[in-house]
Amino acid sequence: MKRTDFALNPSLDANALARRYAENGRVRIADFLCADVVTRLACNLRERTDWHWVMNSGDKVFEVTRDARAALSGDQLRALDDATYATARSGFQYRFETLRVPDDDAERATSDDMLAAFAAWLSSPEPLALLRRITGADAIDFADMQATAYGPGDFLTAHDDAVAGKRRHAAYVLGLNSTWRTEWGGLLLFHEPDDSIQGRVPAFNTLDLFSVPQLHSVSEVTRAAANRRYSITGWLRSR
C-alpha cells in the first residue's frame, strides 16, 4: 500500500478543532480518515501475527513474540503477572502488544509494510499542515509511530510523555475499534490536577490528539473484552 492511498476526511474543520485543542491541550477528532482506508488499516492489524508483547521492569524493556508467549506455562504466566502488577502498585508500568515503525524516511519508503506507508503519509505536507494548525506547534516536522494491541490484563500507568531530547510536541492515538464497551476497560484517561479523570472510550477512526507533557494512562483491559483494543499511536515531533 502506498502513502498516496491515504486521505484525510475533507470535511474536517481545522479552525474549530484548533479552538477546542486550545481550551485544555487535547481534542478528539471523529472520522479522521476516509472510511475505506481506515477499514483496511484495522483489518491489517487484526490479521497480523508478528506482534510483540512488551513490558518494562524499571528502565528495562522485555519483548515476547506471540509464539513464545503461547509456549509459556501457566506458572510462568502467573509469575509474570505478579511481577508486572507489583511494579504497577507504586511505579511506572506497561504491558501491551506492539508493532514498531522506523523513524527513518528511507526505511519507510522501501518498506512494504502498510504501517510504514501510513507513517510516511502522516509525516507528509497535507496531514502535517492540519496537525500544526490544530496544535499551534509549527515546529512539528514528522510523526513517529507504533501500532498497539491491548488484550485482557494489559495496561499503561500514568506518565506525561516528556522525554529529554525527543522533541515531542503532541501525542496522538488513532482508534481502530468498531465495537467497544466502556466497561471493557482500555480507556485513555487524562489525569486532572484536582484528581478528577477525563476518559476517552476506544472508538473507530477517531484521532485523540493531546499536548506534551500531559499526565495520562490507559486503564486495564478486562477479560470481558470481545477483542483486543487496537490503535496506532505516537508523537508529533521535530527532528
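Predicted model: local features only at pLDDT ≥ 70, side-chain atom pairs only at ≥ 80, totals over all residues.
Now, where does Leu209 belong? The largest nonpolar core has 45 residues, and Leu209 is one of the three that touch the most other members, along with Phe32 and Ile232. Which helix gives the most to this core? That would be α6, residues 114-122, with 8 residues. There is also a second, separate core of 10 residues, and its members include Tyr94, Trp180, Val218 and Ala225.

Okay, from the packed parts to the empty space. Rolling a probe the size of a water molecule over the atoms shows where empty space is left. How many cavities of 30 Å³ or more turn up here? The count is 1. The space in the largest cavity comes to about 60 Å³.

So who lines it? There are 13 lining residues, and those nearest the centre of the largest cavity are Arg28, Val173, Pro202, Asp208 and Arg229. By class, the lining splits into 5 nonpolar, 4 polar and 4 charged residues.

For those of you who think in strands: β8, residues 168-176, and β13, residues 229-237, each bring at least two residues to the lining of the largest cavity. The biggest giver is β13, with 3 residues in that lining.

Methods:
Residues numbered from 1 in each chain as written. Heavy atoms only, no water. 1 Å grid on protein atoms, 1.4 Å probe; cavity = no way out; pocket = protein on both sides within 12 Å on 5 of 7 lines; lining within 4 Å. Points joined across faces, edges and corners; volume = space filled by probe spheres on them. Helix = DSSP H or I, 4+ residues; strand = E, 2+ residues; numbered from the N terminus. Nonpolar A, V, L, I, M, F, W, Y, C, P; charged D, E, K, R; others polar. Core = buried A, V, L, I, M, F, W, Y, C linked by side-chain atoms within 4.5 Å. Buried < 20%, exposed > 50% of the residue type's maximum accessible area, 1.4 Å probe, protein only.
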